[in-house]
Amino acid sequence: MADNSKLTDEELIEIREQFAQLDTSGNGYIDLKELKDALDGVGYKIPQWKVRCMIEEYYDNGGKHGRGVNGSLNGDARRNGMSLVEFEDLCANLKAQQVSSTFKQAVSKKENLEHLGGMSEASSDGTTHSVRLEEQMAFSGWINSNLEHDPDLKHLLPIDPEGKQLYEKLKDGLILCKVINHSCPDTIDERAINKKNLTLYTKHENLTLALVSSQAIGCNIVNIDAHDLAKGKPHLVLGLLWQIIRIGLFNQITLEHCPGLTELLNDQERIEDLLALSPEAILLRWVNHQLQSAGVTRRCANFQHDVADSEIYSYLLKQIAPSDAGVTLEALSESDLHRRAEIMLQQAEKLRCRAFVTPADVVAGVYKLNLAFVANLFNQHPGLQRTDDAEEYHQLDETREEKTYRNWMNSMGVAPHVNWLYSDLTDGLVIFQLYDIIKPGIVNWKKVHRQFSKLRKFMERLENCNYAVELGRALGFSLVGIAGADINEGNATLTLALIWQLMRAYTLSVLTRLANTGNPIIEKEIVQWVNNKLQSAGKQSSIRSFQDEVLADGKVVIDLIDAIKPGSINYDLVLPGGNEEENLANAKYAISMARRCGGRVYALPEDITERKPKMIMTVFACLMALDYIPTMDAPVKPSSDDAVITETVETTEMYRLVEDSGWGMPTAEKPEPPPKPDNLSPLPRSNSEESIN
């Protein structure tokens, strides 16, 4: 614990007053999402990225208090509240120029942590990053086992068992692109990946493609850029890898992939209640369901301390294993926990599920790795069969549009993570965070209920949603017939209408800042820009609107990319089009090439072939943004690799204009960017918007 004598009486009073203002629920804790506000309020101006690192380390040390989100157990035992004593300790250490405070103190006591100094000239003195060696080994092993047969990776795999080569072997972006496609198949068109005779420039293209594609599947890549990956910064590489692998593991925990999930519903619960659960919470239910089926009285509340003795794992493996697999409870006869864990993992090996954890990881209760181990078990052997007399549930599958919106929101770094749109937006908190990204300062956080009391929970959530609709109207959204109650009740049609306008406003607001014309960009101007750009590049294609039939074969988007970055498109790979198969192949190539150029495209190839005007508008807006930002991987016809480095360093500064909005690729150790402009006027409705809506 910190020595609070470092703080004066006046400072302590100020800290306690600030804490009391943020502790609106009066439960003695402030939400970690409010940590930066709290620190700002007492005079400690800590960059946002550093606060995020502090929170991540605090989460890594969580669980011992057993508090979940909003103080309840929801399957994730990490605590999201900070007490007054902890906040005072943090401020005392910050005053002593120790940036990491109690978070660093706790993490420093952990074993197998490698502490790395700041890796850029802009790093503050004393800045360190902790790298868990278990994760390094686990992720390297996962890559070896899942990508070992890929012919494009023969020269890179296997990575050494301890993972020391991991960072070097990821520097050309090839493995990262393959990992993304393994987690989310067909995210990246293989034709867009540079595979042979790689130069510094083509490696950078691969890393950019991997980063932007990871964002498109829902990863938060704020504070990571291609240069960080090229330098092999361990804490950033491991953070990105975990997000990608986690998404892949959780992708199959859905009703679409496992209809038997309905067996996990309790009495009186609806299918929507299951969709509202986080993947971690579903996995906990699954483990306890299997324990109950095995006739075991013990239950699992977390993937840390509760699994450390291997007892739960042993019963789980026995229950889900096929009868001919030979899985036994042999481990339970061993008293030494490490030897017991090894025997348990030998049983997991019989199911080909010995991945992510070592005996030491099990005994130590390493959260990420144990979570990954259980998710892999579920994916391989769910053991959920619906009985003939099971109650019939209306199947609710996530649509492509819903998935795109969800990935967009999660990539913005909203908290909590969005799992199901129609439940996770009902309190308005995620919507407020998006408003604050679109137009910083528009949200009066004093009017927002961030924590909810037991007695007034319903009314407080509804008040939030009413305020969210009010802010939408202030931004010029078309919200006729939409009330706060519609968002609070999860009305699908009206919720989607609001989310689309949020995404549109975000896209156009970033584009407006980049254009720096003083006037908001509207859809009509984007169409004009597309045609002018195509014409100036000598292309024959053009469009009349975002619904034009010529868009279906993907060639217009391909031509536009080549107009922005001449020579980037290999036209030998472009098909004539005209039928569904060739149109889709062209659209896949177009989306991946747009991302390889740095375009933050969330749309899917099917959005182009089906001529979905909303998503097509965002594609063109992202490409238009590339024209305003000289991208770090722009061709400069260098005479050597050093020339590329010189060019990229000069253009990096352009990204600071949009760092917090997520369109740039900032480096984690750069100084905090200057405040963003707060002069955006409400976005007007263009003549073409009626057709888009």
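The structure is a predicted model, in which local features need pLDDT of at least 70, side-chain atom pairs count only at pLDDT 80 or more, and totals for chains, interfaces and linings use all residues. Residues are numbered from 1 along each chain as its sequence is written, and side-chain values use heavy atoms, with hydrogens and water left out.

**Confidence**

- The protein averages a pLDDT of 82, and 78% of the residues score at least 70, where pLDDT is the predictor's confidence in each residue, from 0 to 100.
- Over residues 119-128 pLDDT stays under 50, and the model has 19 contacts beyond four places in sequence for this stretch, a contact being heavy atoms within 4.5 Å.
- Residues 684-691 also stay under 50 in pLDDT, again with 19 contacts beyond four places in sequence.
- Where pLDDT is low, the predicted coordinates should not be read in detail.

**The second largest pocket**

- The second largest pocket has a volume of about 1200 Å³; a pocket is an open set of points on a 1 Å grid over the protein atoms alone, where a 1.4 Å probe fits, with protein on both sides within 12 Å along at least five of seven lines, and its lining residues have an atom within 4 Å of a point.
- Of the 47 residues that line this pocket, Asn251, Thr254, Glu398, Lys403 and Arg406 are the closest to its centre.
- Helix α18 provides the largest share of the lining, six residues, and the elements that give two or more residues include α11 (234-250), α13 (279-293) and α26 (580-596); helices here are DSSP runs (H or I, at least four residues), numbered from the N terminus.
- By class, the lining has 22 nonpolar, 14 polar and 11 charged residues, with Ala, Val, Leu, Ile, Met, Phe, Trp, Tyr, Cys and Pro counted as nonpolar, Asp, Glu, Lys and Arg as charged, and the others, Gly among them, as polar.

**Helix α8**

- Helix α8 (residues 174-183) is mostly covered, with nine of its 10 residues buried, that is, under 20% relative accessible area with a 1.4 Å probe and protein chains only.
- The buried residues, among them Lys178 and Asn181, pack against α6 (133-147), α7 (166-169), α9 (200-216), α10 (226-230) and α11.

**Individual residues**

- Glu135 lies in helix α6 and counts as buried because its relative accessibility is 8%; leaving aside neighbours within four places in sequence, Glu135 is in contact with Leu238, Lys368 and Leu369.
- A search of the whole structure finds zero disulfides, a disulfide being a pair of cysteine sulfur atoms within 2.5 Å; for Cys184, the nearest cysteine sulfur, that of Cys219, is 7.9 Å away.
- Cys184 is buried, with a relative accessible area of 10%, and Cys622 counts as buried at 5% relative accessibility.

Notes. Grid points are joined across faces, edges and corners, and a volume is the space filled by probe spheres set on the points. Buried means under 20% relative accessible area, exposed over 50%, partly exposed in between (1.4 Å probe, protein chains only).
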